[in-house]
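User: I'd like to go through this model with you, one question at a time. Could you help me read it?

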Amino acid sequence: MRVVHIGKFYPPVLGGIETHLRNLAVGLKDRVDLTVLVASSGRETVRERPEGVDLVRLGQMLQVASAPLVRGIRRELQMARPDIVHLHHPNPFATLAWLTRPVGKLVISYHGDTVRQKLLGPLFLPVLHRALGRASAVIAATRNHVEMSPILSQYAERCHIVPYGIDLETFSSAGQTDVEAIRNKYGPRLVLALGRLVYYKGFEFLVRAMREVEGKLVIIGEGPLQSELEQLVRETGQQEKITILGAVDDIPAWYHAADVFVLPSIAKSEAFGIVQLEAMAARTPVINTSLPSGVPLVSLDGETGHTVPPSDPDALAAAISRLLDDEPSRREFGEAGYERVRKGFTTGAMVERTLEVYGKVLSRPP
């Protein structure tokens, strides 16, 4: 079975979809004849083989509203002669490229609706509907992805639920020396958040919430809002309390060092939150928000952490303080989170369910 995955970017580029694509590709590489096509950071096409994955970073001509336009994608598809093209949405230019010269059967991983693309979104909508109409299967990470999307709900009959998965062993343990070094520098009562510094992550509400929390916050990530967040930290007088780091090495050690992990997202652009799984695998309780997406279905309110309304710093502060003050609850939530990942959100489970979808697609007549 020859399969080509098409994504926007691939690690070391940070992002939930990029992490998912890497996890899935590593899991599939020994099960199918796999090629992954993504955009390069520059204009030159680069061929790599990270972790045994045949990866082509196609030269990028330009980027419109975070959507890369690359050169040579149709040529690569024709050369690969795939049985299945697995497209990761949103990726408008790649979608258009497949529609103008379709090869193989199309499977779409629908990672979420585009919320803020007021110009590109309406222009792309007819293209998206055509692609969904042509797709042999659509994969969504949770039932909420399907039911709460005004677009995807129209194609519910061809949707398959395949939850995202992570490598449990990678995040379930960490070097104690590294963990203690983080705690000694940034603790005690350490609150952790991780993600791109963009609007829908809601980090400004977390910064404001920390004014009412006895503890320290570390935000790991990079993005266009970094200077604004740093300014907000200064304006609220929390320079000694809040640290905004860029990209860091050894992410598992940070999850293990933290007492609480927070995903304060405010828009359904946050469709799942893979970082929740990573924190849960490290037995760290999670505070998330009640978005109309898959986010509250990952870490469950009252079972693996707390869920609060989005854009509500007071509710965030109360939930964080409640957990920081209650070590038995932190341990209980942490163990429940680990078990939840172990039973249903591993890379192995995700790969097997994806292969089942491929099998169903190929068993149908053209």
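This is a predicted model: local features need pLDDT of at least 70, side-chain atom pairs count only at pLDDT 80 or more; totals for chains, interfaces and linings use all residues.

User: Thanks! In which sense do strand E14 and strand E15 pair?

Analyst: Strand E14 covers residues 260-262 and strand E15 covers residues 286-289. Val262 stands opposite Ile287 in E15. The two strands are joined over two bridges, and the sense of their pairing is parallel.

User: Which strands stand at the edges of the sheet?

Analyst: Six strands make up an open sheet with parallel pairing, in the order E13-E12-E11-E14-E15-E16. From one strand to the next, the twist averages 20 degrees. An edge strand here has a single partner strand, so one side of it is left without a neighbour in the sheet. The strands in that position are E13 (242-245) and E16 (305-308).

User: Let's turn to the second largest pocket. Which element gives the largest share of its lining?

Analyst: The second largest pocket has a volume of about 270 Å³ and is lined by 16 residues. Helix H10 (251-257) and helix H14 (327-344) are the elements that each give two or more residues to this lining. The largest share is five residues, and the element they come from is H14.

User: And how many residues in the lining of that pocket are charged?

Analyst: Nearest the centre of the second largest pocket lie Ala258, Ala282, Arg283, Thr284 and Arg331. Sorted by class, the lining of this pocket has five nonpolar and four polar residues. The number of charged residues in the lining is seven.

Key: Residues are numbered from 1 along each chain as its sequence is written. Side-chain values use heavy atoms; hydrogens and water are left out. On a 1 Å grid over the protein atoms alone, a cavity is a set of points where a 1.4 Å probe fits but cannot get out, and a pocket is an open set with protein on both sides within 12 Å along at least five of seven lines; lining residues have an atom within 4 Å of a point. Grid points are joined across faces, edges and corners, and a volume is the space filled by probe spheres set on the points. Helices (H or I, at least four residues) and strands (E, at least two) are DSSP runs, numbered from the N terminus. Ala, Val, Leu, Ile, Met, Phe, Trp, Tyr, Cys and Pro count as nonpolar, Asp, Glu, Lys and Arg as charged, and the others, Gly among them, as polar. Two strands pair if DSSP finds at least two bridges between them. Axes are lines fitted to C-alpha atoms, for helices over the stretch in contact, and angles run from 0 to 180 degrees between N-to-C directions.
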